Amino acid sequence: IKSLPGIALKEIDTLIKNKNGSFDIERLTKLFTLFVTPVLQIRDGNLKLPYVVKSTFLSVFNILKGILSSNNKSQALDSFTLSISRSLDAIKISNILTSDEISKLTQKYFLLSEKNKKS
């Protein structure tokens, strides 16, 4: 599908996995803008995609939005929450993990987040 920025996904993955823990915000912002038009097309119904593909794509969009919203904790939290929800939905529908495996995974991250709040 021409309008989806598939090539950008590898670069996003590389930027997020950066070993020094800092993000090249300027580059992530440029990559994020590649997602805006397809997201609008998806929301307007002009870009028809299978549900799993759409959910996965919007999940990546929301991860980037969350990273770029780090100055606004509420907006970042909303973006990350939506991303996780969409990802889990796509995983469940694709039968990549069972419901029990998804539950264990989300419980693990919940416990880690609670531990980080106390630190």
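Q: In which helix do Lys-30 and Glu-26 both lie?
A: This is a predicted model, in which local features need pLDDT of at least 70 and side-chain atom pairs count only at pLDDT 80 or more, while totals for chains, interfaces and linings use all residues. Residues are numbered from 1 along each chain as its sequence is written, and side-chain values use heavy atoms, with hydrogens and water left out. Lys-30 and Glu-26 are four residues apart, about one turn of the helix, where helices are DSSP runs of H or I with at least four residues, numbered from the N terminus. The helix that holds both is H2.

Q: What is the N to O distance at which the side chains of Lys-30 and Glu-26 meet?
A: A salt bridge is a side-chain nitrogen of Lys or Arg within 4 Å of a carboxyl oxygen of Asp or Glu, and by this rule the count comes to one. Lys-30 is partly exposed at 45% relative accessible area, whereas Glu-26 is exposed at 56% (buried is under 20%, exposed over 50%, partly exposed in between, with a 1.4 Å probe and protein chains only). Their side chains meet, N to O, at 3.7 Å.

Q: At which residue in H2 does a kink lie?
A: Helix H2 covers residues 25-44 and reaches 28 Å from its first C-alpha to its last, close to the 28 Å expected at 1.5 Å a residue (that is, 1.5 Å times one less than the number of residues). The kink is about 25 degrees, taken as the angle between axes fitted to the seven residues ending at a residue and the seven starting there. It comes shortly before the proline Pro-38, at Val-36.

Q: Which parts does the pair of Phe-32 and Phe-61 tie together?
A: Phe-32, at 16% relative accessibility, counts as buried, and Phe-61 counts as buried at 6%. The two lie 29 residues apart in sequence, so the pair ties together helix H2 and helix H3 (residues 51-68).
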